[in-house]
Structures are given as structure tokens and as C-alpha cells.
Amino acid sequence: MSALMYLIPIALLLGLLGLAAFLWSLKSGQFDDLDGAAERILYDDD
């Protein structure tokens with residue numbers, strides 16, 4: 001039972017860190033252009 005007193009706050013902290021990282025990636029524009037990199041290889045830039 002005492003292990004749950006450590007594991008629950010650790011799990012909540014890791015969940016909040018993951019959520020913060022996801023929100024940061026949304027704010028910094030990581031998901032803005034999902035098709036651009038996939039189509040860029042098809043164009044010939046010679």
C-alpha cells in the first residue's frame with residue numbers, strides 16, 4: 001500500500017510532463033505541415 005503513495009504522484013507527474021511536451025510541440029508548430037516533407041522528396045530541385 002505504501003508503494004502506491006509513491007507511484008501515483010510519479011504517474012501523475014509523468015502524465016503532466018507528457019501533456020506539457022505535447023502542448024509545447026503544438027505551440028512551436030511541429031504539426032503544421034505534415035504533408036510538406038513527404039511531398040518535398042518528389043520535386044526535382046536541379
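Helices are DSSP runs of H or I with at least four residues, numbered from the N terminus. The model examined here is predicted. Ala11 is found in helix H1. With a relative accessible area of 49%, Ala11 is partly exposed, because that class ends where exposed begins, at over 50%. Between the C-alpha atoms of Ala11 and Ile41 the distance in space is 41 Å. In sequence, these two are 30 residues apart.

Helix H1 spans residues 2-27 and includes Leu19. Leu19 has 45% relative accessibility and therefore counts as partly exposed. Leu19 also belongs to a nonpolar surface patch.

The whole structure holds 1 aromatic pair. The ring centres of Phe22 and Phe31 lie 6.2 Å apart, and their planes meet at 45 degrees, so the pair is tilted. Phe22 is partly exposed, at 42% relative accessibility. For Phe31 the value is 42%, and this residue counts as partly exposed.

A patch of negative charge is also present on the surface. Asp32, Asp33, Asp35 and Glu39 gather there. Asp33 sits in the loop between H1 and helix H2, the latter covering 36-40. At 53% relative accessibility, Asp33 counts as exposed, because the cut-off for that class is over 50%.

Notes: Residues numbered from 1 in each chain as written. Predicted model: local features only at pLDDT ≥ 70, side-chain atom pairs only at ≥ 80, totals over all residues. Heavy atoms only, no water. Patch = residues over 30% accessible without salt bridge, like charges linked within 9 Å, V, L, I, M, F, W, Y side chains within 5 Å. Areas by Shrake-Rupley, 256 points an atom, 1.4 Å probe, with all protein chains shown as cover. Salt bridge = Lys/Arg side-chain N within 4 Å of Asp/Glu carboxyl O. Helix = DSSP H or I, 4+ residues; strand = E, 2+ residues; numbered from the N terminus. Buried < 20%, exposed > 50% of the residue type's maximum accessible area, 1.4 Å probe, protein only. Lys, Arg positive; Asp, Glu negative; His and termini not counted. Charge placed at Lys NZ, Arg CZ, Asp CG, Glu CD. Phe/Tyr/Trp six-rings, centres within 6.5 Å; stacked < 30°, edge-to-face > 60°.
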